[in-house]
Amino acid sequence: MLYSDRTRRNRIAVPAAVLAISLTAAACGGGGGSDKSRVTSDESATLTVWTDDTRQPAVEAYVKAHPDAKVKVVLTNYGPGEIPQKIALADKAGKGWPDVVFLGAPSDVSALAAAPLNFAQPLNDLVPETTRKQFTKGTLEGCTYNEKVFCLPNDVAPAVLWVNTKLMKDFGYAVPKTWDEYQALGIKVAKEHPGYLIGGVNERDGYGGFFGGSGCPDREVTGATDIKIDLSDNRCTRVAELLQPLVENGTVTATSPWDPTFTEKIGKKNKILMYPAAAWFGEYGFKGSYKIPDGQMAAYSVPTWAGESTATTGAEGGGLWVVSRHSKNTKGAAAIAEWLTTSTDDKGIVAASALPAYAPAAKKWCAARASDAFYAKDPCPAEQAAAALIAENFDYIRFEGQFADSYAQTFVAAAAKKGDLSAALATWQTQLTQAAENAGYQVSK
């Protein structure tokens, strides 16, 4: 069995069917499915790079560092599933493929590496093994299927517990080491300091941070066409039980941390006491969006669950770079992807807001954070430790967009109304099961 020797989460799954639009579009054209993997090296070809605006400066840094390279940069801020749809349309047209593409929704690699798209170029012969071995343990496994490496990880996004150390000291609170202590502190905060938050359930902070960090089998891929979804499992129900009183007393919010109201009334007013969120939240959220004063925020390990001695954390992102099999210069395209993920150029990945997956780049990135006056203490030890604690059953799935939508429509909706979170799990189970089956999975509990 493909998954019997799985060393970590996120190994590429290859279900029997892909997104319906991808299947239909690919079937109508002569594009992705028939292409054989090959290494090409036409140096006269212009290489098109699809990137989001966050990664755009790094791509521009590559162009500046390689003035002879012929590179066309195209901005693409696509959500889960949209990149495969765009590739399917290129297949139908027989043209328009990017040579290199950034996946802000990592699960999309499962569609790009599989039939009928067969878009992703294996990189084993294009990126040296000595380079591949220097990616943080576990990150490259997410790009690997049948010993073929289909992508290079850009960054690592484990959840950590962000803590405002100044507020904690002012209020006389200690950082919780267990989730029971976390809940007890939330009840205390509601009474003593109403209006302050210790967390949020919206978006990936909820399903990645809390459910993923509990090992909840809400996306556990068990075979090429099989997935386990069991929200009645204790690792799921304990999350609902943990959050119920905190949602009711307002210390855990259902509002998105990127909602303008949240930013202005909570973030910028320094009303966040604690917040379980991605490693990149320090740079992008507290520092970038909320402008929290220097010397207050610190990263800690997420608390442990009762009866467990080691913390488990969830994944909240971690982008990937993919090279196209259609490229006329796969060597050049792979060189771009390699540079974007491994370069220690000051304007490359080490200047980004997220912890690089490539160890040497991470070392330089961390050195800058260690001396950054914004943090109360160096955040890297907690972030790097968390990268090795991501739940093994937090997998790449083909229905990432539907996963997020169903979570918002059920669990988050219940939290917004301060409703019964445990009851919301049953509704979410139904929607998740349907989404998985629509994506070609056999669902088990």
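Here is a short chat about how some features of this predicted model get their labels.

Author: Quick ground rules: this is a predicted model, where local features need pLDDT of at least 70, side-chain atom pairs count only at pLDDT 80 or more, and totals for chains, interfaces and linings use all residues. Residues are numbered from 1 along each chain as its sequence is written, and side-chain values use heavy atoms, with hydrogens and water left out.

Reader: Why is the disulfide of C143 and C151 called left-handed?

Author: Because the torsion about its S-S bond is about -105 degrees. For C216 and C236 the torsion is about 95 degrees, so that disulfide is right-handed.

Reader: How do you know that C143 is buried?

Author: Buried means under 20% relative accessible area (exposed is over 50%, partly exposed in between; 1.4 Å probe, protein chains only). C143 has 0%, so it counts as buried. C151, also at 0% relative accessibility, is buried.

Reader: And what makes T144 buried?

Author: T144 comes in at 15% relative accessibility, so it counts as buried.

Reader: What makes the contact between T144 and L140 a polar one?

Author: A polar contact is a pair of N or O atoms within 3.5 Å; within protein, one must be able to donate a hydrogen and the other to accept it, and residues adjacent in sequence count only if both atoms are side-chain atoms. A polar atom of the T144 side chain lies 2.9 Å from the backbone oxygen of L140, so the distance is inside that limit.

Reader: Why do β8 and β13 count as paired strands?

Author: Two strands pair if DSSP finds at least two bridges between them. Strand β8 (residues 159-164) and β13 have five bridges, in the antiparallel sense, so they pass. Strand β13 (residues 274-278) is mostly covered, with five of its five residues buried.

Key:
Helices (H or I, at least four residues) and strands (E, at least two) are DSSP runs, numbered from the N terminus. A disulfide is a pair of cysteine sulfur atoms within 2.5 Å.
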